[in-house]
Amino acid sequence: MQQLLLNCSALIDDGNGGFRHLNPAYVGITDDTITYLGDKEPQGDWTKKDLHGALLIPGLVNGHTHAAMTLLRGLGAGLPLDRWLNEAIFPVEDRMTREDMAAGNALAQLEMLRTGTTSYSDMYYNLETEAELCCSSGMKVNLARPITCFDPNESAADSYRAKESLELFDAWHGKANGRIRVDASIHAEYTCQERIAREYAALCRKRGMRMHIHLSETVKEHEVCKAKYGKTPTEWFRDLGVFDLPTTAAHCVTLEDGDIEILKAYGVSPVHNPSSNLKLGSGFMRLPKLLQGGLNVGLGTDGTASNDNLNMFEEMHLAALIHNGYASDPTAIHAADVLKMATRNGALLQGRDDTGVLALGKKADIVAVNMDAPHLVPSFDPLVTLLYSAQGSDVCMTMVDGKVLYENGTYKTIDADKVYFEVRAAQKRLYS
Ligand SMILES: [Zn+2]
């Protein structure tokens, strides 16, 4: 199938790792791939799609979330991280059934599609139903079943969590035309033990898996690790061979200079989660230093219990603002850097080098932003308008692999009414 997106402009790849505003833009798509980009209408037999003046951007990649936690949205607000986890979150998670999680995942996808996310990295458990959902919904996902362990003698071979993680990889990695990928995951240093982490990393490396972890989210986590092992969490993971796998590390708030050097040397991709870090009072990632150091930094929402939504526009907005204020420097972070974090960098940390930019030969993962709204005019620089003025609700179309999944309030592949019904039923089971 050949389709042509027209009556729009687009932030396309400038060939140097940045963006160029193509206006007007004609985007030709053959099946799932971008095959024409230009400011003149191409010849040929195209099915035309009028976008009514919208701005096209690459699909947003949520680099770190826990999708099923939509069912815990806002729970335990006001508690510090350790009490929030132990007193508010874990007791409800213990009651969650596979059915509850399926409802939570579907709700997460409704929210993500509506706000321009085409792909996300999910760390959770009972992920088979989520893989099945992605087959029918059309979204891209990197699934990761994390291991946790509190017994220093437990081996990877004895761990049912490690077994589930590897079985998920064997069953689902590369499925749905490559839209589903399965990564390894160690939840965090403070929820794991050395023996199992070393053995599990070695097993996953043999399979060619990528790794997804939480790293140095809080001062407490960081300092307790140093007191216990005489090393930072970054050094701990490195010494256990975890960074021998291509790794995504969520949060990275309390990194020391030496940690940043290690992450760079091993090609680890940190993921910035500004809403979650602000809400839980975890602090400020050293984003300007990480970007200046050339690290591939992604952007994520974290779970909705600590955010409380999955809206990447809000994360982009915060990432573009808070570091300037924290550094008392209006040039600390640039809008283009933030959009790159949410698109190209996210795709790379997921192991997807065929997407993340609008360029010839790349997958047609495209989001259209309606620019016909009072808060978006006048627009002198569409990148600036996008980062500082636009809202997730301004997304009017979300396309994955050339297929429209969401458009103007309508979901094409998910029955939204059924999802809301199931979420309310799950809520009743979990909280009454
Ligand atoms: Zn997280």
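How many cavities of 30 Å³ or more does the structure hold? The structure holds one. This is a predicted model, in which local features need pLDDT of at least 70 and side-chain atom pairs count only at pLDDT 80 or more, while totals for chains, interfaces and linings use all residues. Residues are numbered from 1 along each chain as its sequence is written, and side-chain values use heavy atoms, with hydrogens and water left out.

A cavity here is a set of points, on a 1 Å grid over the protein atoms alone, where a 1.4 Å probe fits but cannot get out; a pocket is an open set with protein on both sides within 12 Å along at least five of seven lines, and lining residues have an atom within 4 Å of a point. A volume is the space filled by probe spheres set on the points, which are joined across faces, edges and corners. The largest cavity contains about 50 Å³ of space. Among the residues that line the largest cavity are Gly59, Lys140, Arg352 and Asp365. Its lining has two nonpolar, six polar and three charged residues. In this division Ala, Val, Leu, Ile, Met, Phe, Trp, Tyr, Cys and Pro are nonpolar, Asp, Glu, Lys and Arg are charged, and the others, Gly among them, are polar.

About 580 Å³ of space lies in the largest pocket. Its lining is made by 30 residues, and Phe90, Glu93, Tyr125, Thr148 and His187 lie nearest its centre. Two or more lining residues each come from α1 and α4 (160–172), and α1 gives the largest share, seven residues. Helices (H or I, at least four residues) and strands (E, at least two) are DSSP runs, numbered from the N terminus. By class, the lining of the largest pocket has 15 nonpolar, nine polar and six charged residues.

The second largest pocket has a volume of about 440 Å³. Of the 21 residues that line this pocket, Leu81, Asp82, Tyr190, Lys220 and Glu221 lie nearest its centre. The elements that give two or more residues to this lining are α1 and α6 (219–229).

The model also holds a zinc ion, coordinated by His64 (NE2), His66 (NE2), His214 (NE2) and Asp302 (OD) at 2.1 to 2.3 Å. Donors are N, O and S atoms within 2.8 Å of the metal (3.2 Å for Na, K and Ca), and water is not among the atoms, so sites may look incomplete. Why is the arrangement of the four donor atoms irregular? The angles they subtend run from 86 to 170°, which makes it so. His66 lies in the loop between β5 (60–65) and α1 (81–95) and His214 in strand β9 (residues 211–215), so this pair ties together parts that are 148 residues apart in sequence. His66 is buried at 8% relative accessible area, and His214 is buried at 5%; buried means under 20%, exposed over 50% and partly exposed in between (1.4 Å probe, protein chains only).

An open sheet of eight strands has the order β3-β2-β1-β4-β13-β14-β15-β16, with mixed pairing. Strands pair if DSSP finds at least two bridges between them. The edge strands, β3 (33–38) and β16 (410–411), each pair on one side only. Strand β15 (residues 403–407) runs antiparallel to β16, joined by two bridges.

Definitions and conventions
Tetrahedral: all angles 85-135°; square planar, octahedral: opposite > 155°, others 65-115°.
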